[in-house]
Amino acid sequence: MSLGASAPTPEQLKQAFKAFKKRLKLTRLDAESQINANPLTSGRKSEIVAITPPNQFSIEVWEELVKQGRLKRGGHGTYELVEP
């Protein structure tokens with residue numbers, strides 16, 4: 001965290017987590033729509049588990065969500081949801 005930067009507020013964390021879940025859902029749906037191009041296939045679930053978080057929130061926000069146990073690092077700048 002840089003000098004003078006304050007910790008993310010609970011509201012920022014809530015908004016960021018909601019944005020993350022929405023982006024993950026849309027990314028999965030997009031991948032599934034490409035997988036299911038053939039109408040005769042049974043369809044498969046997307047295997048996407050980690051994504052690059054929305055860039056409108058700072059890295060401090062994502063790291064705080066990791067500290068809280070709501071997200072975990074996926075590697076190469078990606079994060080994934082922690083399954084309950």
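Which residue with a positive phi follows H2? Gly-69 does, with a phi near 85°. The model is predicted: local features require pLDDT of at least 70 and side-chain atom pairs pLDDT 80 or more, whereas totals for chains, interfaces and linings use all residues. Residues are numbered from 1 along each chain as its sequence is written, and side-chain values use heavy atoms, without hydrogens and water.

**View A. The largest nonpolar core has 13 residues.** Such a core is a set of buried Ala, Val, Leu, Ile, Met, Phe, Trp, Tyr and Cys residues joined through side-chain atoms within 4.5 Å; buried means under 20% relative accessible area with a 1.4 Å probe, protein chains only. Among the residues with the most contacts inside this core are Ala-16, Phe-20, Val-61 and Leu-65. Helices H1 (10-35) and H2 (59-67) each supply at least two of its residues, and H1 gives the most, with 5. Helices (H or I, at least four residues) and strands (E, at least two) are DSSP runs numbered from the N terminus.

**View B. The buried residues of H2 are Val-61, Trp-62, Leu-65 and Val-66.** They lie on the same side of H2 because they cover an arc of only 145° around the axis, taken from the directions from the helix axis to the C-beta atoms.

**View C. Strand E3 (78-81) runs antiparallel to E1 (50-51), to which 2 bridges join it.** Strands pair if DSSP finds at least two bridges between them. Ala-50 stands opposite Glu-80. E2 (71-75) is also antiparallel to E3, through 4 bridges, and Leu-71 has Leu-81 as its bridge partner. In the turn of the E2–E3 hairpin, His-76 has a positive phi of about 55°.

Conventions
Buried means under 20% relative accessible area, exposed over 50%, partly exposed in between (1.4 Å probe, protein chains only).
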